[in-house]
Amino acid sequence: HVRKTLKEYLEDSQEEKSFYSDLQMESGFAVLTRLTEIWRSVEGQLDRPRLGEISLDLPSKSGKTGGTLKFMVVVRGKNFRDEGQVIQQALERDMTKPDSPFLELNMDRLREEPFSDGEGGARLTYEIKLRPDFAPFPN
């Protein structure tokens, strides 16, 4: 029901302003939902994880250009690299599924910023390329 109401609002707003986006509204929701599912699947294996900044750039509706999902995770403790591997492996497993919005991890953009407070831990930043043909709710 919420999706229908939001879609009607979006269509009314676009009509009123004569602006029509080339993105499916549902795409962003589906990508973030999938990230949440992956996060929940590994959360118990991580020590005090915190999901931080998230940036989502969706693929165009034409499917000619892909998008990216970038997010930062804060992990605490001396074994933060092991925890980073748990997250990376979960993402890579999901990418093998045919309905996954995720295409590949951008390994050149993987970042690790260790903390210097003596407790250990780091900010880990991941960037994932999205499938250009991703259509979560085909018409």
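Which residues does leucine 91 touch, not counting residues up to four places away in sequence? I looked this up and found Leu35, Ile38, Phe71, Leu105, Tyr126 and Ile128, where contact means heavy atoms within 4.5 Å.

**Entry 1. Basis.** I note that this is a predicted model, in which local features need pLDDT of at least 70 and side-chain atom pairs count only at pLDDT 80 or more, while totals for chains, interfaces and linings use all residues. Residues are numbered from 1 along each chain as its sequence is written, and side-chain values use heavy atoms, with hydrogens and water left out.

**Entry 2. Overall fold.** I recorded three helices and five strands in the chain; helices (H or I, at least four residues) and strands (E, at least two) are DSSP runs, numbered from the N terminus. Along the sequence the pattern reads α-α-β-β-α-β-β-β. Of the 139 residues, 39% are buried, a term for under 20% relative accessible area, with exposed meaning over 50% and partly exposed in between (1.4 Å probe, protein chains only). Among contacts between residues at least 6 apart in sequence, 65% join residues at least 24 apart.

**Entry 3. Core.** I then examined the largest nonpolar core, which has 24 residues; such a core is a set of buried Ala, Val, Leu, Ile, Met, Phe, Trp, Tyr and Cys residues joined through side-chain atoms within 4.5 Å. Leu69, Phe71, Leu91, Phe102, Tyr126 and Ile128 touch the most other members. Helix 2 (25–42), strand 2 (68–76), helix 3, strand 3 (102–105) and strand 5 (121–130) each supply at least two residues of this core. Helix 3 gives the largest share, six residues.

**Entry 4. Helix 3.** I checked the length of helix 3 (residues 80–95): its 16 residues should span 22 Å at 1.5 Å a residue, and the end C-alpha atoms lie 23 Å apart, which agrees. The expected span is 1.5 Å times one less than the number of residues. Its buried residues include Phe80, Val86, Ile87 and Met95. Glycine 84, also in helix 3, counts as buried because its relative accessibility is 7%. Leaving out residues up to four places away in sequence, glycine 84 touches Leu124 and Tyr126. Glycine 84 and leucine 46 are 38 residues apart in sequence, yet 8.9 Å apart in space, C-alpha to C-alpha.

**Entry 5. Aspartate 94.** Is aspartate 94 buried or exposed? Aspartate 94 is buried, because its relative accessible area is 4%. Its contacts, leaving aside neighbours within four places in sequence, are Arg34, Ile38, Ser100, Pro101 and Phe102. Its side chain meets that of lysine 97 in a salt bridge (3.9 Å, N to O), defined as a side-chain nitrogen of Lys or Arg within 4 Å of a carboxyl oxygen of Asp or Glu. Lysine 97 is partly exposed, at 40% relative accessibility. I also noted that Arg34, Asp94, Lys97 and Asp99 are linked in a network of salt bridges.

**Entry 6. Other salt bridges.** How many salt bridges does the rule give? The count comes to nine. Aspartate 117 pairs with arginine 76, the closest N and O atoms being 2.3 Å apart. This pair links distant parts of the chain, 41 residues apart: aspartate 117 is in the loop between strand 4 (111–114) and strand 5, and arginine 76 is in strand 2. Aspartate 117 is partly exposed at 47% relative accessible area, whereas arginine 76 is buried at 15%.
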